[in-house]
Amino acid sequence: MAGGYTLTSNAECRLADGVTLRADVYRPDGPGRFPVLLCRTPYDKTHPRYRGIAERLAAAGYMAVVQDIRGRDASDGTWVWHMSEEGQAVEAADGYAACEWAAGLAGSDGQVGTWGNSYPSWLIWRMASARPPALKAMATSGFSARTLDCTSGIFETGIRLRWQHHMAVSSRLRAGDTAFPQTVAEADHHWDRLLRGKWIWHLPLAEVPDHLFGPDAAMQRRYWDEINREFWSLEASYPQVEVPTLTLTGWWDRLSHCAFHFPGMVAHGPAATRDQHRLVIGPWIHDNEGRADWKGPRDYGPNAQLDLVAQLTRWYDHHLKGRDTGLAGEKPARLFLLNETDWRTFSSWPPADMVATPFFLGSNGRANMPAGDGTLSRDTAPSSTPDRFTYDPADPVLSLVEPDGQAAACDQRPLRDRQDILVYQTPPLAEDIVLAGSVEVRLWVTTDAPDTDFVARLIEVGADGLAVNISHGILRCRYREGYDCEIPMPSGEPVEIAIKLLPVGIRFRSGSRIRLDITSSDFPAFDRNHNTGRPFHTDSELRIARQAVLHDDAHPSRIILPVLADG
């Protein structure tokens, strides 16, 4: 007994197929019964981040339960991961059983809510789709509805290889494999300091040795074969999710398309709860549990700070304890727009007064680098010279990301001298422009390769000259008509392509510039396109591609920005 709670370790949940799942239960001290907040995870229920959150939830009067899922850490069975069709059904059934088990724990009042970022949020959506009766409300973060909204059908080399090496630790221990590394800390250090620089560049990727991934190597290799397959399709479950949902994400979360769970549930969830769903977006990165104090190159002020437990308790105090937390009287979408000092609330996401506004690319053919002549304007350039660059996959544009490979706000100066980045920007703005919503880039391009990539990055250039990425997107051109319809590029012929960027919320202040960078690589955030048209993981050849971006009356390349009419 410590800190106002009693901890029961490895409480057992027996499933119908005989598998036992184990959980740590943090029960508040004192009389009475308490609502249960359940986190199911593949990342070890004893991790300090889970313990810290669970202790605070217990102090707030909730029974916090953290459970290792099937095949991970202390639980029995075989792990069936989220990048598989089988995993969707397995975790729906396991989640249902875990929810009902947690509701029946001693000290529970029978009501269950949820918490957990990223993979645990996929588990929550799968559980909710099974309609466990004890589930009364749910909170998720950092997990989009669709696999391909996250990956764009491209292997996320830096993140995925590191993650798989990390995940292999638990699988090795379960298999009795004594090979190094034996702890997660060892695995991360081993990868970051020794292995990363070797294996992310290895060709072909399929020859990366199995021992890096331990017993999980086969699932990794199957995923490479199915890289353009949709596994999650969480939007299909919206009609089955019968409880109020809270979705939380950050502007620099690479899975921030999860923001669209909110309008999806409003439009397609059961009618009885459509007015109870909520959305929160702030200036945060993907890891909102372990790095809530993260700050990028710009300081957005004290009100931008994330207190995850405060968000959770406000939500569940309303839904599970019937307290007036002010939630009922608020508009449902709560956003911290970058460069503003406080939160705003909106009736919808995207905001109803958002106007999709095109800004057209232009130049005299010398848009390479920030010092070039690329422009962004609300008017088209009637006779504009195409911009050209060479994409060499042996010398890709390197990703500016966090050490673990996750997206983040970064100073863009390390890339400013690259000739293979086209830069289009407005003059210093005469007045503020506020954006909130989805961003799309439509480019007219040519290439001499049968397949290639185009990357778009929206950047804020402050009056002080600091350039910070705001959003990004990538298209593998073979998928331009759909992930199930691979079409080679016609050599040298103009083709219009669409690149979907992550959602944005920002006030571009007067004196700043709106900038769009176009290139053909973002490695190792995304695997290099070899420009050959062959499968990425079995191909050893790297081919140079000669790219052009057209921007004239006949080929109006543009970025479509979500401008708030009222600013």
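This is a predicted model: local features need pLDDT of at least 70, side-chain atom pairs count only at pLDDT 80 or more; totals for chains, interfaces and linings use all residues.
Trainee: Why is Cys39 called buried, and why does Cys410 count as buried?

Mentor: Buried means under 20% relative accessible area, exposed means over 50%, and partly exposed lies in between, with a 1.4 Å probe and protein chains only. Cys39 has a relative accessible area of 0%, and is therefore buried. Cys410, at 12% relative accessibility, counts as buried too.

Trainee: What makes strand E3 largely enclosed by the rest of the structure?

Mentor: Of the 8 residues of strand E3 (residues 34-41), 8 are buried, and therefore the strand is largely enclosed. Helices (H or I, at least four residues) and strands (E, at least two) are DSSP runs, numbered from the N terminus.

Trainee: How do you know that E3 pairs with strand E5 and is joined to strand E4?

Mentor: Two strands pair if DSSP finds at least two bridges between them. E3 and E5 (residues 108-114) have 4 bridges and run in the parallel sense, with Phe34 opposite Ser108 in E5. E3 and E4 (residues 63-68) are parallel and joined by 6 bridges, with Cys39 opposite Val66 in E4.

Trainee: Why is the β-α-β unit of E3, helix H1 and E4 called right-handed?

Mentor: A crossover is right-handed if, with the strands pointing away from the viewer, the path from the first strand over the helix to the second runs clockwise. E3, H1 (residues 48-59) and E4 make a unit of that hand.

Trainee: Which residues are joined by cis peptide bonds, and where are the prolines?

Mentor: Leu203 and Pro204 are joined by a cis peptide bond, with omega about -10°. Pro204 is in the loop between helix H6 (184-199) and helix H7 (217-225). The bond from Trp349 to Pro350 is also cis, with omega near -10°, and Pro350 is in the loop between strand E10 (344-346) and strand E11 (354-362).

Trainee: What is the phi of Arg131, and why is this residue called partly exposed?

Mentor: Arg131 has a positive phi of about 60° although it is not a glycine. Arg131 sits in the loop between helix H3 (119-129) and strand E6 (138-141). Its relative accessible area is 39%, and therefore it is partly exposed. Met369, likewise not a glycine, has a positive phi of about 75°, and lies in the loop between E11 and strand E12 (375-377).

Trainee: What makes a space a pocket or a cavity?

Mentor: Rolling a probe the size of a water molecule over the atoms shows where empty space is left. On a 1 Å grid over the protein atoms alone, a cavity is a set of points where a 1.4 Å probe fits but cannot get out, whereas a pocket is an open set with protein on both sides within 12 Å along at least five of seven lines; lining residues have an atom within 4 Å of a point. Grid points are joined across faces, edges and corners, and a volume is the space filled by probe spheres set on the points.

Trainee: How many cavities does the structure hold, and what volume has the largest pocket?

Mentor: There are 8 cavities of 30 Å³ or more, and the largest cavity contains about 140 Å³ of space. The largest cavity is lined by 15 residues, and closest to its centre are Pro283, Trp294, Lys295, Tyr300 and Ala304. The largest pocket has a volume of about 960 Å³. Of its 36 lining residues, Tyr43, Arg49, Arg162, Trp163 and His166 are the closest to its centre. Helix H5 (157-175) gives the most to this lining, with 9 residues.

Notes
Residues are numbered from 1 along each chain as its sequence is written. Side-chain values use heavy atoms; hydrogens and water are left out.
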